[in-house]
Amino acid sequence: MSDKKLAVITGASSGIGAATARALSRSGFDVLLGARRTDRLRAVAEPIGARFHQLDVTDPDSVGAFVDSIGKLDLLVNNAGGALGVDRIETASDERWRTMWEVNFLGVARMTRSLLPALLASREGHIVNVGSIAGFETYPGGAGYTGAKHAVRALTKTLRLELVGRPVRVTEICPGLVETEFSMVRFDQDAEKAAAVYKGMTPLTSDDVADCIVWAATRPAHVNIDEIVVRPRDQATATVVHRES
Ligand code: NAP
């Protein structure tokens, strides 16, 4: 049995989750990765000697099977999430909005609830939720996603109130534009639309965000980093972005 700290990372098959898995592993954590695409999980896990298990955070049975073998856990990074489309409220479909709510919000709630006993058992547990500037800003066409991320923010703040006095820290990481598969997913794999999101500006990388997560996670156990808002220098708000033409 390893005496290293154990971290679970959801949505570790790409982007911020994969970078966080690598960075936490470099920092001395044992990492257990979850996501739906196991081929992609394997590609992240094998080079760092990590374990992985299929996980769909929207499916209670999948979450149950994932958490089954975890007795003690030091760090839960609730990272799985994303946006689907840029539908305005007047024309949006319930289906896409329901999926965003299920993944971004209920997924975080479900993983947290399921792993809280293991985090408490560690006596130095830590929950890091990957929110977004969409958790406190809005933009036209964004309500399905910003609504879900606003809810993640409310959940994170409520959790801190409910857990005060117990040995678990609660942190929210709120990035601006990060170049990952996020925009490919949002625009149904339309590479041109996805590339336009980052055109003429320098976005954050997944490693930039992973750095923030590792920093928050490696402070002493009595230090709670409530939140980190991290944006590209080229981005002032969700809608004010400097681009070189
Ligand atoms: P990404 O590359 O698309 O990664 C999203 C991850 O979530 C993937 O590993 C995906 O894996 C996983 N995922 C999606 N649905 C899932 C489900 N039902 N169950 C389990 N895993 C699921 O995008 P990213 O930018 O790294 O996104 C990571 C987080 O950062 C998200 O919460 C996103 O909202 C947030 N964020 C991103 C940005 C940005 O600009 N990129 C900015 C602020 C916040 P599978 O498809 O294999 O399941």
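This is a predicted model: local features need pLDDT of at least 70, side-chain atom pairs count only at pLDDT 80 or more; totals for chains, interfaces and linings use all residues.
Residues are numbered from 1 along each chain as its sequence is written, and side-chain values use heavy atoms, with hydrogens and water left out.

**Helix α3**

I looked up the buried residues of α3 (residues 60–67) and found Ser 62, Val 63, Phe 66 and Val 67; helices (H or I, at least four residues) and strands (E, at least two) are DSSP runs, numbered from the N terminus. These four residues lie on the same side of α3, because they cover an arc of only 125° around the axis, taken over the directions from the helix axis to the C-beta atoms. Their cover includes β1 (6–10), β2 (30–35), β3 (51–54) and α4. At the N-terminal end of α3 I noted Asp 59 as a cap, with a side-chain oxygen 2.9 Å from the backbone nitrogen of Asp 61.

**Arg 110**

I then turned to Arg 110 in helix α4 (residues 94–122), and found this residue buried, at a relative accessible area of 15%. Not counting residues up to four places away in sequence, Arg 110 touches Val 57, Thr 58, Asp 59, Pro 60, Val 63 and Glu 102, a contact being heavy atoms within 4.5 Å.

**The cores and Ile 213**

Which residues touch the most other members of the largest nonpolar core? I listed Ile 9, Leu 24, Val 31, Leu 33, Leu 75, Val 77 and Ile 213, out of 34 residues; such a core is a set of buried Ala, Val, Leu, Ile, Met, Phe, Trp, Tyr and Cys residues joined through side-chain atoms within 4.5 Å. Among the elements that give two or more residues to this core are β1, α1 (15–26), β2 and α8, and α8 gives the most, with seven residues. I also recorded a second, separate core of 27 residues, which includes Leu 76, Ala 151, Leu 159 and Val 170.

Ile 213 lies in α8 (residues 206–217) and is buried, at 0% relative accessibility. Leaving aside neighbours within four places in sequence, I found Ile 213 in contact with Ile 16, Thr 20, Val 77, Val 128, Val 130 and Ile 173.

How values were computed:
Buried means under 20% relative accessible area, exposed over 50%, partly exposed in between (1.4 Å probe, protein chains only). A polar contact is a pair of N or O atoms within 3.5 Å; within protein, one must be able to donate a hydrogen and the other to accept it, and residues adjacent in sequence count only if both atoms are side-chain atoms.
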